[in-house]
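Open the model in your viewer and keep the selection panel at hand. The stops below go one selection at a time.

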Amino acid sequence: MNFQLTEERQMLQDGLRRYLGEAVTPQALEAAQTTGMSPDIWAGLSEMGVAGALFTEDQGGFGGAGFDLMVVFEELGRAGAVEPMLELLLAGRLVAELGDETQQEIVAQAVEGAVQLAFAHGEPASRFDLERVETRAERSGDGWTLTGRKSVVVNGAQADHIVVSARTSGDVADRDGISLFLLPKGTAGIEIRDYPLSQGGHAAEIVLDGVTLPAGALLGAEGQAFEAIETAQARATAAICADALGAMETARALTGDYLKTRKQFGQPIGKFQALQHRAADMLIEIEQARSAVINLCGHLEADRDTREIHVSATKHLVGKVARLVAEEAIQMHGGIGMTEEYDLGRFARRLSMLDQRFGDATFHLGRFVRLRAA
Amino acid sequence: MDLSFTEEQKAFRAEVRRFLDEKLPKRLSDKGRLGQRLTKQDYEEWHAILNEKGWLAGNWPKEHGGAGWNAVERHIFEEETTAAHAPRIVPFGLAMLGPVLQKFGSKEQQDYWLPRILNGDDWWCQGYSEPGAGSDLASVKTTAERDGDHYVVNGQKTWTTLGQYANMIFCLVRTSKEGKPQEGISFLLVDMNDPGVTVRPIVLLDGEPEVNEVFFDNVRVPVENLVGEENKGWTYAKYLLTHERTNIAGVGFANAGLANLKRIARLEQSGGRPLIEDPLFAAKIAEVEISLMAMATTNLRVVSAAAAGQAPGAESSMLKVKGTVIRQEINALTKQAVGPWAMPFVSEALEAGSNEGPVGPSYAMSATPHYLNNRKLSIYGGSNEVQKTIIAKAILEL
């Protein structure tokens, strides 16, 4: 048992913290608004080799394990960086695990951070159900025709390649029959509506209106993608929870500073016990969240059931704590915590959006019960 | 980062398990499983079995007759013994006074008192709280005035756990009224058989006289029973509290309590189905289980830092708050799970071998007493509010 970071991860953490601390400026965030990311920061991250930490050695990277993800995403969250590294992880690892030789070229670029990716899986009616896929892929000649709509696809308009899920057989909620396809940017027949997200970054609604694809667009075995999707989502859940943890640490630090400097009734408001206890509660819960993230990251390579128990336990707990931290940080700040100009705002918004992706606290509580009963 | 135990630690766990299989009397584990009351003799019997193996004082160094375990080994021992429903080790001599004597006691005091703790010659209790000094421990008023070779002690202690079994009490007494309240406190060992000591039991909501009031009326205590220096007792008391808090998270108790709750929820019926299949009840169990999974890891993080030589700091305050809240929630859900069977209060049924059987299923009879008794968790050892104030000051620097 050991809770220390390895030397390599410690170096990665230190380097990232230093770099992002300087790079994520109000100007950089402003610049990121039109496309959902700052090209300078993306380039900076790529130069540091951050993308490589998301892939295993076999895939050409130098990490890929749960604790590599924890280090990277905690720092992205701490700085409030909006660059779509999570999408690179989600889609990139799917291509790395399922792709044929030609498709692996994308992985080689992804490891360098030289490409933008997205994973188009969610649909208007799927909410958090991973197996609910209505988009259809029909064979046509040698290739495929895709029809359907994909919703809130993060980085969808900016991605050079999009991994799209579609049903090749079975009923809308069957686990079997889901296939993945790799679509290059600019594929004919795709209609994209790009929009900004509350937490920063961009997403897109993607309408596939009889999009024709060559046979080589199929990623992995036909109809067998569910297991890979679930695994990818487990990794992404670990990453987004680590991101939230980093954001919580910043919210806590900002709140702590504010409690020490803001004076009312003739003294720093941090001297009031009502606020001291709220701040202590916040800290206790953040430590709970940190342990939950450690639990998930430490079990990403475990057997499926063990891994998914931790996915739901962690997403439930971190979801609850994220809400608490966002709301309490604003409350302890008072009015200033609600303003756009003060730094807390973007972290509170980021934390309050955690529940909207990959399943919220209630969804995962129910899922945890079912997994435990199984 | 590595969440698995080392081969050595796994082997140690297997050894503890083997020992419990062979040596833990079934009579005692049955009582634990059913939540029946343990007698003084039960505790003494278990202490003697552990002492024979050299495992009674896990936290003491070997030179004093302890097992010399590090924090991880102690954690494993704690997990295994609670899972096996062994009686808890009574902490007053072993976990509290022992470390203080080893750190601050004279050679004579160590040579005399430490073996007696291990052999069960003395049953110690803790004379800290007073009617006017609860969370605000520094305001103790019990006085000890020097008179030749003796201190004359006058005053009152309260909430003295299992004081009815004790023959010795370690006390915080006021030897000076100068300076800050913390500066005039001394740490004194008092023989409860001495003239002038009176013990009055306090019956708690679970019907048990678990705690007592202890009165001191001109009790003459030999000066060699002063630990360390006069007026330096506050330092020793704080040192003792850090030891009191090493297992403050109570992960073992929480795990055992959760397993018991799930067992009951599978047996109890609601709407013709096992209660555990009621989605709302299942969600409540899941919520506390998820919280416990995270807290257990927080505990291991602290334990592993302690094993690497870092002193436990305000992190133990966080564990105290979270650990007690989780255990209290498990107690509350267990009471809820047994439904109307939580109401019958047949005190005799909690005594093993009593002719008076439980009303309803045997798993139900301890639900209410345990729920009520464990309200203490968030009050003792520095109330949870005091812990939050410590966190605010020590970690958040407010």
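Select residues 6-121 of chain B. In this predicted model, the stretch is 69% helix and 0% strand. Its end C-alpha atoms lie 38 Å apart. UniProt, in an unreviewed entry, lists residues 6-121 of chain B as "domain: Acyl-CoA dehydrogenase/oxidase N-terminal".

Move along chain B to residues 125-219. Helix or strand here? The chain is 0% helix and 47% strand over this range. The end C-alpha atoms are 17 Å apart. The UniProt annotation covering residues 125-219 of chain B, again from an unreviewed entry, reads "domain: Acyl-CoA oxidase/dehydrogenase middle".

Now switch to chain A and select residues 118-207. UniProt places the feature "domain: Acyl-CoA oxidase/dehydrogenase middle" there, in an unreviewed entry. Residues 118-207 of chain A are 0% helix and 52% strand. From end to end, the C-alpha atoms are 15 Å apart.

Stay on chain A and colour it by domain. Domain 1 is 7-83, domain 2 is 117-223 and domain 3 is 227-373. Five residues of domain 1 of chain A are in contact with six residues of domain 2 of chain A. On the domain 1 side, the contact residues divide into two nonpolar, three polar and no charged.

Next, show both chains and select the contacts between them. How many residues of chain A are in contact with chain B? The count is 33 residues of chain A, against 31 residues of chain B. On the chain A side, the elements giving two or more residues are α7 (226-261), α8 (273-298), α9 (304-333) and α11 (361-373). Highlight α8(A): this helix gives the most, with 15 residues. Now colour the chain A side by residue class.

Is α9(A) mostly covered or mostly open? Mostly covered: 21 of its 30 residues are buried. Step just past the end of α9(A) to G334(A). Check the backbone there: G334(A) takes a positive phi of about 80 degrees.

Methods:
Residues are numbered from 1 along each chain as its sequence is written. Chains are lettered from A and ligands numbered from 1 in the order in which they are written. This is a predicted model: local features need pLDDT of at least 70, side-chain atom pairs count only at pLDDT 80 or more; totals for chains, interfaces and linings use all residues. UniProt positions are given in the numbering used here, feature names are shortened, and annotations may be inferred rather than shown by experiment. Helices (H or I, at least four residues) and strands (E, at least two) are DSSP runs, numbered from the N terminus. Two residues are in contact if their C-beta atoms, placed from the backbone, lie within 7 Å. A residue is buried if 20 or more other C-beta atoms lie within 10 Å of its own, exposed if 12 or fewer, and partly exposed in between; C-beta atoms are placed from the backbone. Domain bounds come from an automatic or database domain assignment. Ala, Val, Leu, Ile, Met, Phe, Trp, Tyr, Cys and Pro count as nonpolar, Asp, Glu, Lys and Arg as charged, and the others, Gly among them, as polar.
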